[in-house]
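Q: I would like to learn how to read surface and core features in a model. Please start with the terms.

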Amino acid sequence: MLKHMKNRDVLSGLLFILVGAFVAIKAYNDYPVGTLARMGPGYFPLILGVALALVGVVVIALALNVQGLDLKPNFGARTFVAVLLSALVFGLLVERVGLMPSALALTLIAAAAEKRFVLSRSLFLGFSLGLLTWLIFVFGLEMNLSAFAWNF
């Protein structure tokens, strides 16, 4: 049965399940969850963790129909460093320069992992991501984040 799974999808699914379960358990144990009518600070992370774990289950289930199993990871150091660095830069910049420039920096650095880097596409994606996250977190969730802030 394992010989019909695709390695990358199985490993991704397992990672989704592990991260989702960790987030859900941490949110449930460390924060009051509340109810649907009165959500506590742990409600949203709990739901996101469960949803991520379910996505992992679906990814693994879909991988069962694919031929071949190769347990060797198929990514290089460039991809690993770019994705890790993009998350680190975002975390360091978000309070100093604001949400939109941080999202743009995250996108440009992560896009550098691609062999065929296209600046115009990455800029469009970065601006779109910044605008969407700003709308969700500032307007939707009323978090105290500024779109642009120059606090060095």
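A: Buried means under 20% relative accessible area, exposed means over 50%, and partly exposed lies in between (1.4 Å probe, protein chains only). This is a predicted model: local features need pLDDT of at least 70, side-chain atom pairs count only at pLDDT 80 or more, and totals for chains, interfaces and linings use all residues. Residues are numbered from 1 along each chain as its sequence is written, and side-chain values use heavy atoms, leaving out hydrogens and water.

Q: Why does Leu 48 count as partly exposed?

A: Leu 48 counts as partly exposed because its relative accessible area is 45%. Leu 48 sits in helix 2; helices are DSSP runs of H or I with at least four residues, numbered from the N terminus.

Q: Which residues make up the largest nonpolar core?

A: A nonpolar core is a set of buried Ala, Val, Leu, Ile, Met, Phe, Trp, Tyr and Cys residues joined through side-chain atoms within 4.5 Å. Here the largest has 5 residues: Ala 24, Ala 27, Val 33, Tyr 43 and Leu 46. Helix 1 (7–30) and helix 2 each give two or more residues to this core.

Q: Which residues does Thr 133 touch, leaving out those up to four places away in sequence?

A: Contact means heavy atoms within 4.5 Å. With that exclusion, Thr 133 touches Leu 99 and Val 138. Thr 133 belongs to helix 5 and counts as buried because its relative accessibility is 18%.
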